[in-house]
Amino acid sequence: MRFLPVFLDLKAGPVVLIGAGELLRAKLRVLAAAGARVRVHAIDGDHELGLSAEDIARVEIATCDPLTADLSGVIAIVCAGAGDVGVAMSARAKSLGLPVNVMDDLEHSSFIFPAIVDRGDVVVAVGTGGTSPVVARRVREKIEALLPARIGELAEFIGSFRKSINERIAEFPLRRRFWERVIDGPIGAAVLAGRKAEADASLKAISDPSAFARADKPEGSVALVGAGPGDPDLLTIKALRAVQDADIVFHDELVSPEILDRIRRDTTRVAVGRRVGKPGIGQDAINKRMIEAARSGQRVVRLKGGDPFVFGRGGEEVEALRAAGIAYSVIPGITAGLGGAADFEVPLTYRHEATRITFLTAHKARDAEAVDWSTLTDTRMTVVVYMGMTAAPAVRAGLFAAGRSPETPVGVFARVTRPDAQSAIGTLRDLPELVRRIDGGPAILIIGDVVRHAGTLRRQTPNQIISDLLDAAE
């Protein structure tokens with residue numbers, strides 16, 4: 001490590017910025033965004049800096065020669081697009097013991113600008129020793145994706161209580177334990193979820209901070225997390241953080257292996273889902289195990305394919321957690337209907353053609369028979385059927401009985417968003433046959449005129465394409 005990361009106190013004095021053109025203005029924007037007072041030497045005479053009125057109030061335009069200017073009180077010197085003046089200014093700065101940065105010139109710089117992640121009171125600096133700013137930016141992007149949006153608010157929240165709590169807890173290790181429990185528990189979760197008033201009330205309700213810090217049993221919680229339809233890149237940032245923070249994950253069978261790979265290696269994984277025709281432990285047993293884990297102080301994630309509240313029984317689990325007094329949160333995911341529509345380019349709504357959407361489930365034939373199909377006769381309604389492969393004949397019969405045309409376009413979309421995704425397109429008359437052409441689920445059915453817009457060829461294998469062409473020729 002050649003460059004030690006440090007943070008300058010920008011209230012200690014002005015920064016001198018020397019240069020020209022867009023390079024100078026770009027560096028000025030960075031300094032202004034950090035709240036710095038800046039003395040600008042525009043060696044090309046162009047003083048159109050493009051700053052807001054608030055930022056320009058902290059900028060001083062200097063017209064004198066920077067090589068002879070008074071540098072009393074200056075905390076750093078930055079040269080951007082300054083040419084030979086930058087090199088000369090570097091020598092002067094070093095002779096005075098002032099930090100200096102000459103853009104893209106390590107030889108004449110005593111400090112470099114990192115890539116910055118700015119979350120208010122939380123700032124992350126990423127550097128590559130000046131060798132590859134592009135790599136630093138890519139690392140910054142990864143960190144930005146992982147950090148909660150409100151992490152700065154959490155730091156500010158902790159800061160507002162720090163003095164009063166420190167006065168009540170004398171031992172430093174106990175203070176650290178107190179703040180660890182606050183940050184990792186429901187109070188920290190409430191701040192990150194935007195419920196600052198709730199967090200404020202909870203922290204103020206801690207009558208004995210030392211006892212809170214010494215408590216052997218940490219506070220557990222449950223997060224109901226939507227894993228999406230299978231592609232791990234479709235996990236939300238919040239979902240990714242939850243599974244990586246979890247002590248135990250109860251997951252469905254529909255959660256893809258690629259998403260399970262995002263869980264920490266030391267996290268306990270428990271498969272609690274079931275597929276059609278296979279036994280499962282039952283919803284009551286799942287609820288009981290989640291509650292027991294949370295009461296033991298663990299951070300629990302209930303990881304579900306798609307979205308917890310779209311045929312995911314998340315509502316039942318929330319009711320159980322409420323009744324047990326367990327702290328919980330719900331993190332939505334991309335439901336399979338939306339994932340399949342995007343994957344195969346089926347617009348679920350289409351101007352003048354499809355103005356309504358109905359999502360329903362038909363796990364078994366008796367589920368389909370229980371649906372009031374008479375409400376689904378509108379030809380401008382797109383019908384999305386979850387878990388409908390087994391009940392496909394009953395789905396077809398119900399829609400026929402309700403008056404839907406046998407020529408209504410239908411698509412069967414399997415394993416959507418995954419590398420082995422597959423589709424079969426046809427009409428309502430052919431629905432059972434379309435299902436037979438699919439090499440296993442999970443799959444959704446999309447029924448309606450919008451299926452005509454599907455971009456399916458990009459997802460089909462060569463054999464499927466040939467088969468479709470032969471069918472069309474017949």
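**Notes on the predicted model**

1. Helices H5 and H8 cross in a right-handed sense, where a crossing is right-handed if the near helix is turned clockwise from the far one by less than a right angle, and left-handed if anticlockwise. The contact is made by Phe-157, Phe-161 and Ile-165 of H5 together with Lys-196, Ala-199, Asp-200, Leu-203 and Lys-204 of H8, contact meaning heavy atoms within 4.5 Å. By class, these residues comprise five nonpolar, no polar and three charged, with Ala, Val, Leu, Ile, Met, Phe, Trp, Tyr, Cys and Pro counted as nonpolar, Asp, Glu, Lys and Arg as charged, and the others, Gly among them, as polar.

2. On provenance, this is a predicted model, in which local features need pLDDT of at least 70 and side-chain atom pairs count only at pLDDT 80 or more, whereas totals for chains, interfaces and linings use all residues. Residues are numbered from 1 along each chain as its sequence is written, and side-chain values use heavy atoms, with hydrogens and water left out.

3. For the geometry of that pair, the axes of H5 (residues 151-168) and H8 (residues 196-204) come within 12 Å and cross at roughly 15°; axes are lines fitted to C-alpha atoms, for helices over the stretch in contact, and angles run from 0 to 180 degrees between N-to-C directions. H5 is therefore roughly parallel to H8, given that angles under 35 degrees count as roughly parallel, over 145 as roughly antiparallel, 65 to 115 as roughly perpendicular and the rest as oblique. Helices (H or I, at least four residues) and strands (E, at least two) are DSSP runs, numbered from the N terminus.

4. H5 also meets H6 (residues 172-184), the two axes coming within 12 Å and crossing at roughly 145°, again in a right-handed crossing. On the H5 side the contact involves Leu-154, Ile-158, Phe-161, Arg-162, Ile-165 and Asn-166, and on the H6 side Arg-175, Phe-178, Trp-179, Val-182 and Ile-183. These residues divide into eight nonpolar, one polar and two charged.

5. A second open sheet of five strands has mixed pairing and the order S13-S14-S17-S15-S16, and its twist averages 15° from one strand to the next. Here S15 (residues 409-414) and S17 run antiparallel and are joined by five bridges, with Val-410 opposite Ile-447 in S17.

6. Two backbone features deserve a look. A cis peptide bond, with omega about 0°, joins Gly-441 and Pro-442, and Pro-442 sits in the loop between H17 (431-436) and S17 (443-447). Glu-345, which is not a glycine, has a positive phi of about 60° and lies in the loop between H14 (336-343) and S13 (356-361).

Methods. Pairing = 2+ DSSP bridges.
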